[in-house]
Amino acid sequence: MITPAMRAAFAMLSGRGPAPASILAEWNELLAFTDRFQLTLHLRGIPGLPPRVEEEIDARLEKNRKRRERLCESYRAASRALDEAGVAFALLKGLTHETGFGVCPENRVQYDLDLLCRPEDYERAREALRRIGYAPHGGRSLSAEHGRPLVQPFEWKWRGDYYDPDMPIPIELHDSIWSAAQDRIRIDSAAFWKRRTILHVNGLAVPALSDVDRAGFAALHVLRHVLRNDARPAHAFELAQLLRARGEDDPFWAGWRQSREARLSVLESAGFRFAAEWFAVRGKLPRTREQPEKIEVWFRNFAWSPIANLAGGNKDALWLHLALLDNWGDRARVVCRRLAPLRLPHANASFGGRLRYHAAALGPTLFNGLRWWWGRDAGSTAPRLSDWKRGSA
């Protein structure tokens with residue numbers, strides 16, 4: 001279920017008007033949502049924000065500025081260590097979205113550094129970072145795309161502040177763009193690696209993916225989190241801003257299409273579509289002729305299901321996942337994993353909590369999936385963004 005506060009947040013961030021008077025009593029809920037999903041600072045400058053909320057946003061902004069300084073220092077130290085070890089790398093996401101994406105850099109909230117290296121250099125990269133004090137943290141990896149986060153020693157403890165400038169800055173080391181083991185989706189990382197370039201960001205020379213690959217990888221990143229029932233609205237917001245900033249840049253999108261084989265363009269188009277749906281991007285979208293009709297039907301019915309899942313469980317993304325796979329063997333593995341996984345993707349819950357979550361989501365998931373599979377119209381989860389407008393008139 002998408003709450004009124006969530007609807008209002010998406011409406012404001014989509015440029016649909018000023019802050020609605022109808023949610024004055026729900027600002028705490030709205031800020032709790034936008035803090036959790038790294039969207040609060042993007043509310044800056046929206047007309048109609050209560051003075052108290054503006055003050056809270058300014059306080060968060062000042063903390064984020066301090067954290068950004070630490071983030072850049074951490075990047076410089078890691079970059080020097082890898083350069084001295086002769087390890088080539090590319091920075092993924094993060095700072096590389098501060099150019100060409102149409103995003104205000106100081107509004108971005110970034111928690112870690114994602115570094116891509118070649119598989120044969122992975123252990124040397126880990127050793128180079130170990131020499132400057134980084135060590136694996138936590139009992140297991142947080143993603144199939146990288147190993148356990150690497151952090152320097154710290155005594156910091158979580159105090160409920162998403163903007164705490166003293167929060168440790170992990171490094172997540174990748175040797176591929178996407179791991180096929182969990183999602184059964186196979187992507188050629190070598191092609192991305194060959195096209196990498198140097199960006200100049202915030203006074204730093206940053207090895208990064210090419211322009212079209214940064215856009216494509218951002219779309220893949222949005223899609224990957226959706227397929228894992230762990231949607232990240234801030235990532236989609238940045239992608240939506242890129243679509244607005246470069247929507248009419250025909251040479252850019254021509255380069256994107258020319259560098260993509262058919263399957264990859266279908267995957268990335270799905271990521272772009274989420275950004276466009278959630279943040280009301282109008283006009284031309286990067287599309288592919290190979291886009292299957294069943295994917296289009298899924299978006300018409302379930303585009304907002306990943307957002308609804310953030311407030312209450314559903315697994316409608318499973319059916320999109322199956323539509324993106326090529327063979328029944330991969331589909332069977334994904335069905336088994338998604339319908340009865342061992343843990344929740346976006347919450348630390350007890351076994352009983354996990355059991356209740358999956359039990360509650362199973363029935364609606366199967367019902368909606370069967371209706372979609374048979375080509376019938378399922379009820380849309382799209383929030384009626386005009387509701388709060390009528391209430392505030």
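**Contacts, strands and helices in a predicted model**

Visitor: Among contacts in the protein chain between residues at least 6 apart in sequence, what percentage join residues at least 24 apart?
Guide: The model is predicted. The contacts considered are those between residues at least 6 apart in sequence. Of these, the share that joins residues at least 24 apart is 71%.

Visitor: How many helices and how many strands are there in the protein chain?
Guide: The protein chain has 393 residues, of which 55% count as buried. Its secondary structure consists of 16 helices and seven strands.

Visitor: Is Glu 238 buried or exposed?
Guide: Glu 238 lies in helix H8, residues 233-246. Its relative accessibility is 5%, and the cut-off for buried is under 20%. Glu 238 therefore counts as buried.

Visitor: Which residues does Glu 238 touch, not counting residues up to four places away in sequence?
Guide: One of them is His 97, which is 141 residues away along the chain, with a C-alpha separation of 7.7 Å. With residues up to four places away left out, the list is His 97, Phe 101, Val 103 and Arg 108.

Visitor: Which residue in E5 is the bridge partner of Leu 116?
Guide: Strand E2 covers residues 113-116; Leu 113 and Leu 115 point one way, Asp 114 and Leu 116 the other, and all are buried. In E5, Leu 116 is partnered by His 174.

Visitor: Which residue in the turn between E6 and E7 has a positive phi?
Guide: Strands E6 (residues 197-201) and E7 (residues 204-208) run antiparallel and are joined by five bridges. Thr 197 stands opposite Ala 208. The two strands form a hairpin with two residues between them, and the one with a positive phi, about 55°, is Asn 202.

Visitor: Are H10 and H11 roughly parallel or roughly antiparallel to each other?
Guide: The axes of H10 (residues 262-278) and H11 (residues 293-302) come within 12 Å and cross at roughly 15°. Angles under 35 degrees count as roughly parallel. H10 and H11 are therefore roughly parallel.

Visitor: How many nonpolar, polar and charged residues are in the contact of H10 with H11?
Guide: The crossing of H10 and H11 is right-handed. H10 contributes Val 266, Ala 270, Arg 273 and Phe 274 to the contact, and H11 contributes Ile 295, Glu 296, Trp 298 and Phe 299. By class, these are six nonpolar, no polar and two charged residues.

Methods. Residues are numbered from 1 along each chain as its sequence is written. This is a predicted model: local features need pLDDT of at least 70, side-chain atom pairs count only at pLDDT 80 or more; totals for chains, interfaces and linings use all residues. Side-chain values use heavy atoms; hydrogens and water are left out. Axes are lines fitted to C-alpha atoms, for helices over the stretch in contact, and angles run from 0 to 180 degrees between N-to-C directions. Helices (H or I, at least four residues) and strands (E, at least two) are DSSP runs, numbered from the N terminus. Angles under 35 degrees count as roughly parallel, over 145 as roughly antiparallel, 65 to 115 as roughly perpendicular and the rest as oblique. A crossing is left-handed if the near helix is turned anticlockwise from the far one by less than a right angle, and right-handed if clockwise. Contact means heavy atoms within 4.5 Å. Ala, Val, Leu, Ile, Met, Phe, Trp, Tyr, Cys and Pro count as nonpolar, Asp, Glu, Lys and Arg as charged, and the others, Gly among them, as polar. Two strands pair if DSSP finds at least two bridges between them. Buried means under 20% relative accessible area, exposed over 50%, partly exposed in between (1.4 Å probe, protein chains only).
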